[in-house]
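These notes are meant for a colleague opening this entry without having seen it before. They go through the points in an order that can be followed with the sequence and the model side by side.

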Amino acid sequence: MNDIGKNATSEDYFILLGFSKWPHLEIILFVIILIFYLMTLIGNLFIIILSHLDAHLHTPMYFFLSNLSALDLCYTTSSIPQLLFNLWGPDKTISYAGCMVQLYFVLALGSTECVLLVVMSYDRYAAVCKPLHYTVLMHPRFCHLLALSSWVSGFAASVLHSSFTLWVPLCGHHQVDHFFCEVPALLQLSCADTHANELTLMVMSSVFVVIPLILILTSYGAIARAVLRMQSSAGLQKVFGTCGAHLMVVSLFFIPVMCIYLQPPTKNSQDKGKFIALFYTVVTPSLNPLIYTLRNKDVRGAVKRLIGHRSVT
């Protein structure tokens with residue numbers, strides 16, 4: 001770790017320490033992360049392309065799922081290629097501009113995902129609790145507006161948050177104790193009082209983590225009450241199939257995020273935070289396509305229709 005810090009003489013770049021405390025793990029992590037990254041690319045591109053090609057999947061649920069897949073592709077690509085580069089060789093540097101761009105997109109895409117998961121839970125609420133009004137409630141124009149609002153709110157919030165971090169004066173060593181540029185790790189480099197930034201981080205975490213989670217749980221509370229009144233076993237299976245997948249995705253994303261951003265820092269929290277962040281930036285986006293497509297009759301039917309059409313032509 002000390003060897004890595006010797007060349008940090010310029011303010012034009014940062015040194016991402018990442019997993020340099022455990023050099024014996026770097027090659028193993030490189031292989032594992034590369035596999036998960038390729039799974040993320042293939043799985044999410046598969047959902048986007050299939051949802052676009054098959055007319056039976058032109059529904060609000062798969063429209064939002066395509067947005068989630070595009071979001072996961074962008075989110076992982078904002079940090080994982082840089083991580084793979086740093087794990088592969090001795091060079092752990094990232095330019096100052098590159099770090100700020102990465103910080104902006106990580107914040108923007110993470111915030112967007114929080115809002116989009118709320119929108120997807122509302123879609124499931126409308127489908128289960130208001131089935132007779134579903135087509136009116138989830139009109140295509142309204143769905144596009146909800147998706148656009150998710151993206152705009154996340155990117156707008158990131159402008160504010162990353163700007164606050166950008167103005168913080170830094171000390172001389174520029175060693176970021178993380179594998180990507182994120183707010184808590186950058187604030188540790190500051191020579192000034194960062195209480196205002198920490199308060200901003202807490203407020204933003206509440207707005208984009210706690211409030212969305214409350215709204216999602218409220219939606220599923222209403223869905224649970226509706227399910228208990230259902231008599232049809234086929235209807236129950238369909239509800240559990242679609243809502244269960246979404247709840248699993250919500251859990252895989254929100255639980256790690258809360259462990260990092262809503263807990264007070266401790267002596268070992270930074271090292272634990274790296275591995276937790278590795279989970280929600282690498283593992284979760286690769287699992288989302290599997291969770292939504294496994295045992296999904298709509299997707300299996302779409303694949304069969306696509307293969308059948310190709311064989312006929």
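1. A disulfide is taken here to be a pair of cysteine sulfur atoms within 2.5 Å. The model is a predicted one, and it holds one disulfide. Cys99 and Cys181 form this disulfide, with their sulfur atoms 1.9 Å apart, and the link of Cys99 and Cys181 is left-handed, with -125° about the S-S bond. The pair links distant parts of the chain, since Cys99 belongs to helix α5 and Cys181 to the loop between β3 and α8 (183-187), 82 residues apart. Both Cys99 and Cys181 are buried.

2. Two further cysteines deserve a look.

3. For the overall plan, the protein contains twelve helices and three strands. Of its 313 residues, 48% count as buried. Among the contacts in the protein with a separation of 6 or more, 77% come from residues 24 or more positions apart.

4. The three strands make up an open sheet in the order β2-β1-β3, with mixed pairing. The edge strands are β2 (93-95) and β3 (175-176), each of which pairs on one side only. Strands β1 and β2 run antiparallel and are joined by three bridges, whereas β1 (residues 13-16) and β3 pair in the parallel sense over two bridges.

5. Which residue of β2 is the bridge partner of Ile15? In β2 that partner is Thr93, while in β3 the residue opposite Ile15 is Gln175. Leu16 in turn stands opposite Val176 in β3. Helix α5 (residues 96-129), the helix that carries Cys99, lies across β1 and β2 and runs at about 85° to β2.

6. Helix α4 (residues 80-88) has as its buried residues Ile80, Leu83, Leu84, Asn86 and Leu87. These residues cover an arc of only 165° around the axis, so they are on the same side of α4.

7. Leu68 is found in helix α3 (residues 60-77). Is Leu68 buried or exposed? Leu68 has a relative accessibility of 1% and therefore counts as buried, the cut-off for that term being under 20%. Leaving out residues up to four places away in sequence, Leu68 touches Glu113, Leu116, Leu117, Met120, Val249, Asn288 and Tyr292.

8. Leu146 lies in helix α7 (residues 140-166), and a C-alpha to C-alpha distance of 8.2 Å relates Leu146 to Leu116, 30 residues away in sequence. With a relative accessible area of 18%, Leu146 is buried, because the term applies to values under 20%. When residues up to four places away in sequence are not counted, Leu146 touches Phe64, Val119 and Met138.

9. Thr281 lies in helix α11 (residues 269-293), and at 2% relative accessibility Thr281 counts as buried. A polar atom of the Thr281 side chain lies 2.6 Å from the backbone oxygen of Ala277. Which residues are in contact with Thr281 once its neighbours within four places in sequence are left aside? They are Tyr75, Thr76, Ser79, Ile80, Phe179 and Phe180.

Terms used:
Residues are numbered from 1 along each chain as its sequence is written. This is a predicted model: local features need pLDDT of at least 70, side-chain atom pairs count only at pLDDT 80 or more; totals for chains, interfaces and linings use all residues. Side-chain values use heavy atoms; hydrogens and water are left out. Helices (H or I, at least four residues) and strands (E, at least two) are DSSP runs, numbered from the N terminus. Buried means under 20% relative accessible area, exposed over 50%, partly exposed in between (1.4 Å probe, protein chains only). Contact means heavy atoms within 4.5 Å. Two strands pair if DSSP finds at least two bridges between them. Axes are lines fitted to C-alpha atoms, for helices over the stretch in contact, and angles run from 0 to 180 degrees between N-to-C directions. The arc is that of the directions from the helix axis to the C-beta atoms. A polar contact is a pair of N or O atoms within 3.5 Å; within protein, one must be able to donate a hydrogen and the other to accept it, and residues adjacent in sequence count only if both atoms are side-chain atoms.
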